[in-house]
Amino acid sequence: MDVHRSATHGRMNHSPSHPTQAFQPIHLQLEALRLRHQPPPTLVLDAQPAQTVISLHSTPSELQSWSQLVRSDLAQHRPLSRLILTWATLVAEIESLTVEARQHFYAPLLLYGVAGDLSPEPGDGALSLARILPLLQKVSDFQEHCQRVMLNLFQQLSIFYSTQPEPAGLPPSDNREVHFQVIFDHLGRLLVTLITLDAIIQSHTALQTDWLAYRDLVEGALSDDRARPGLNELEIQLKRLDEKIFGAGLFLACVYQPYDLDGLNIPGNEALFEALIFSLKCSLNDLDRGVGQGQVDFPLHVVEFAAKFVLISTLFRIPEKRLSKRMWDHLKKFPAVVLFDTVMWFPDQFFTSCLPKYAKTVDDKTMQQFPTSRQTSIKTSAQTLTQDMRQFHAKLNSWVIQMETKLKSFSGTPSLDELERKSQLLLQGIQLASTIRGTVSLMLNVHGKLSAPLTKSSVISLCTMLEMLKAIEYVYQRHMLSILDVINHANQHRSVMIITILGKAKRVLLSTSDGGVGVGSDRNRQSQATKSTVLASLVLAEMAISGAPTSERRLITRLCLAMASQNRTFKEEEMRKMSQCMQELQALSLLQRTVQDACSAEFFYSHRVVLPVYFNHVYESRHDSANRLMYMFWILRDCCQPLTQVVHLADSKALQSSFEAEIMTIFENTILKPLCKDLETDLRLQVHSHLKLEDRNPFTSSVSKDLSPLINVAPILFVGKFIDIKAYVEDYLSRIFYNLTTVALHNWRTYGEMRALAAHKFGTVTVDDHLPAQTLEQGLDVLEIMRNIHVFVAKYLYNLNNQIFVEESSHNKHLNTINIRHIANSIRTHGTGIINTTVNFTYQFLRKKFVIFSQFLYDEHIKSRLIKDLRYLKENQAYPFERASKFNKGIRKLGHMPDGLTTYLDQFRMLIAQIGNALGYVRMIRSGGLHFVSNAIRFVPDLEDIPNFEELSKKEEMSSESIEAARILDEVVANLNQNFFDGTQYFQLLVQVFAKQLSEKKHVHLKAFYAILPPLTLNYLEYIMAAKDKLNKMNVKAAIFTDDGFAMGIAYIFQVLDQWSGFDSLHWFQTVRNRYVKQRSQVMEQMNSQNDEKLKQTLSLTLKRLEAYQKEFDLLNFSLSSARIFFRNDEDEVDEADQDNEEEGTETETGLASEGNPGKTTP
């Protein structure tokens, strides 16, 4: 019988004729060109945006036709070539049918009725079914094609295993020893394909419902005589589809078709029956040994076995009980198998529907065990799923490390051991991915079928396992260049191993062949014919395997090995070795396709309901899961591919667009929006951290966690679009800053600080809102401070280095500050004339304070003590620390102020600090004026050459209004220029105005002021240390960190009273330093000599206290030296320069610098 391909429909047809024509040559035209030899890997620009931009495709393809591959120049090989050609074309046709069903039928049928976010309308069911009718017609044609191919296959097998005389041209031989396992394996895959189509259609409720409704609609339309002529043909086609597709089923239609046509009694062919039984036993043996375990389709091997068992039982008879018992033992291990996506296969239901009589003979306990096993598997897997995930993760890490180390060290000429290790490593990755994919798919589908809920931990474990699939795929992509080199060498090595075994078998066969042909008994003739067939098979196998390992050559090789395995041509070890080489050769040749199938996650579309749980987990554990987000979107990318194949919708892309929108909505609600909200809250809390806020628990508050891992995730490619988390956050912050600033313009600075903090902490770049901000940030107005300067200097503390006033205490949650920018803005409001007014107000304030200052020093208790100190200083060179401490304590005996807390010396210190604050305010007024004038005059190009605009206007004969405007401009520019270069020294003025009056004889008691400074500094030290200690305590009342007004006031008074030389003669700061150095050394000696740990801890605290006191004294010394520079005149600078030159030698000898020398300190 001739086998040919129809040029019109692309279907295989059979034309019955005499059986002797079964092995005549077959000519099939291949649609694509095939490469005869393995091509080098080529760089291909991938047009699909969802995949990598550059990918490598190395799957070998064939250029030659089937007839060219099996052609032989020897006449005795031609009959065998025709036979191999027949089997090869049939197997290739079966393979093409399975691929066609998977690529064109599964997804459109399974997705029928899914409309995404499209709202259903009346009549949509009938309209959707009308659109899918052409697909159902193709499925019907596909089933008829499968029937013809199966009938043709069994006719060919029946003739091959027939006991009739051999066809013309074939030598006599016994074919019972020939077992085409490859043919029966492909037959099983075709049967599984039909079973899958049946399961999709029969379990699809929407399709069944719409089909019945459409049938009723057509039958109702047939009642109209006018519409009947156009619907008769449609009714006939619908009845045919109903019988074939929605009736008994595609699988049973192929199984129960008549096979005894053309005079062939296929059911009565015992040799064929024995060959099929042998195939079943081989399949069971492979399942026992775990052959194929870890492959993508390993669970389907069980379904293939069951399908072939049903076929043999229907076509011939029920196999022996022993084989049946072994089959049920294996089926118990697979109570449920995933056929495709969400389509499940249950062994008990399958045999009950396909072989009801046989199912009744099976033990009831065995049949009832399957539902129980499915329920038990759910409970067991839920308990061990987390542990399984960790085991998979450990295996994945080990495999990745080996891939990274071994593939990088790949050389051009590897050793056989190295090549074997690397090729096995490549196969291990596929096995791991297949196992993970099978576990996830089975778990999700079984829970869905049995309506068993999944726990949160189970969902996270399953999603993590899906991420592992994409991680494996990514590793293969990264090392594809090295992998291709390994594949090329490994394929060559396995081909050589097979060729070596074939060559050895040929030599043995030729050495045992008889010399005569056609002489002797029939048994000798048959033996000689068998050897001739085996020899020809070995030659054809060697020819096929010598080329590139294409699918065509591998198939021909396996068929030839099946023909050559009769008469014990190969030893058992050789057969096992060749079988293993052929399996590995196929796995390595199809590595890229196998990796893609093993790592595919198309089935996740039906289980996308778990996505919110997964995304919430990613957000909660962002440090560990943020960088794995791209793997999940690769999984979702796989789900998009079958969505484009739907045919029941008017727009084939509508479902994909709906899916994309759904994913983005889930991602936005679970990650993006919470991220933006928490980020905004975190920025607000940090900007307002100076306020007293409630304590935040870092273990319960998500705001306290670091959000940068999610923000720094690289843009993720999803269906041709990039998901940029950072850009989304930047857009959100830009919008929120703009909208809230427009609502409350006075908060512009807060949102500006949040913008700057976000840029510094997270690297975000937001769009400037360009709103008119409250630039007139002047805080307390200068006029208000000037009118209430006595209140200002008492309530604010001065910082010398930063030129800022900080409020001492407040009933609010924040402290007000005054800096140069505030003063400059206020001067811009009131004009520069306010500077002189402020200095005049300060003069009035200082005059009042100097009266109190004089009264304090004139007091008998104070004056008497100071006189004693002056007498002591005449006899000694330095003021001792103990005397100053005694003075400070003695003042406390005089009593306290009405508040009961402060002493008279405290009040005197506060008086000096207020004087210093007033002078600091004058300094700030001067700096603010310069700041304002410099900003105002910066637009004048040359201050030394300013043109006269009034004269220029007159030369141009402008209008009187323009000339007047030019005159005003000249006055403004001249005023700015004068203020800019104004060298008024307000400090010198304030010094001179008081120095003359206070130097009179009636103020002679003021000359002893410098003697009170040592106890006054000790009082200040106690005050500042106590105030700073309160900063670290819960009660921050009366806590401060700066009070440089004290140093400023002392420097001013010394300059007014001309007592710097007297103070320098005290060597006070040097005395203090020497004391603390001595005390520290004594404490250190005690710590070194003591062994008591508690005493050591006490001494350690004492040492820290001494260091803190010495640090504060040093700070006071530095501040006083800096303030001294503000008040010195030109004569002082010359005298100090001479003094520096004289003391330079002394400082070199002693190694100590004078603490009171202002020439050594910068402001």
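This is a short tour of one predicted protein model, stop by stop, with something to select at each.

**Before you start**

Because the model is predicted, local features need pLDDT of at least 70 and side-chain atom pairs count only at pLDDT 80 or more, while totals for chains, interfaces and linings use all residues. Residues are numbered from 1 along each chain as its sequence is written, and side-chain values use heavy atoms, with hydrogens and water left out.

**Stop 1: the whole chain**

Show the chain as a cartoon. It holds 44 helices and 11 strands; these are DSSP runs numbered from the N terminus, with helices (H or I) of at least four residues and strands (E) of at least two. Of the 1163 residues, 47% are buried (buried means under 20% relative accessible area, exposed over 50%, partly exposed in between, with a 1.4 Å probe and protein chains only).

Among contacts between residues at least 6 apart in sequence, 78% join residues at least 24 apart; a contact means heavy atoms within 4.5 Å.

**Stop 2: the largest cavity**

Rolling a probe the size of a water molecule over the atoms shows where empty space is left. A search of the whole structure finds six cavities of 30 Å³ or more. On a 1 Å grid over the protein atoms alone, a cavity is a set of points where a 1.4 Å probe fits but cannot get out, and lining residues have an atom within 4 Å of a point. Grid points are joined across faces, edges and corners, and a volume is the space filled by probe spheres set on the points.

The largest cavity has a volume of about 90 Å³. To see its lining, select Ala107, Leu110, Leu111, Phe340, Asp341, Glu602, Tyr605, Ser606, Cys639, Pro642 and Leu643. Which helix gives the largest share of this lining? The answer is H24, with three residues. Helix H3 (106-110) and helix H24 (629-643) each supply at least two.

Keep two of the lining residues on screen, Asp341 and Tyr605. Asp341 sits in the loop between strand S5 (337-340) and strand S6 (343-345). Its phi is near 55°, a positive value in a residue other than glycine, and at 13% relative accessibility Asp341 counts as buried. A charge sits over a ring if NZ of Lys or CZ of Arg is within 6 Å of the ring centre and within 35 degrees of the ring normal.

**Stop 3**

Next, select Arg883 and Tyr872. Here too a charged end sits over a ring, with that of Arg883 lying 4.5 Å from the centre of the Tyr872 ring.

Move on to Ala884, in helix H34 (residues 881-892). Is Ala884 buried or exposed? It is buried, with a relative accessible area of 0%. Leaving aside residues up to four places away in sequence, Ala884 touches Tyr879, Pro1014, Pro1015, Leu1018 and Trp1068. Leu1013 is 129 residues from Ala884 in sequence, yet their C-alpha atoms are 8.7 Å apart.

**Stop 4: Asp1058 and Trp1060**

Select Asp1058, in the loop between helix H40 (1045-1057) and H41. Phi of Asp1058 is also near 55°, and at 63% relative accessibility this residue counts as exposed.

Trp1060 lies in helix H41 (residues 1060-1066) and is buried, at 8%. Leaving out residues up to four places away in sequence, Trp1060 touches Ala1051, Phe1054, Gln1055, Leu1120 and Arg1124.

**Stop 5: a pair of tyrosines**

The whole structure has 57 aromatic pairs. Rings of Phe, Tyr and Trp (its six-membered ring) pair if their centres lie within 6.5 Å; planes under 30 degrees apart count as stacked, over 60 as edge-to-face and the rest as tilted. Select Tyr1076 and Tyr1109: their ring centres are 6.5 Å apart and their planes are at 40°, so the pair is tilted. It links distant parts of the chain, with Tyr1076 in helix H42 (residues 1068-1089) and Tyr1109 in helix H43 (residues 1093-1127), 33 residues apart. Tyr1076 is buried, with a relative accessible area of 5%, whereas Tyr1109 is partly exposed at 21%.

Technical notes
On a 1 Å grid over the protein atoms alone, a cavity is a set of points where a 1.4 Å probe fits but cannot get out, and a pocket is an open set with protein on both sides within 12 Å along at least five of seven lines; lining residues have an atom within 4 Å of a point.
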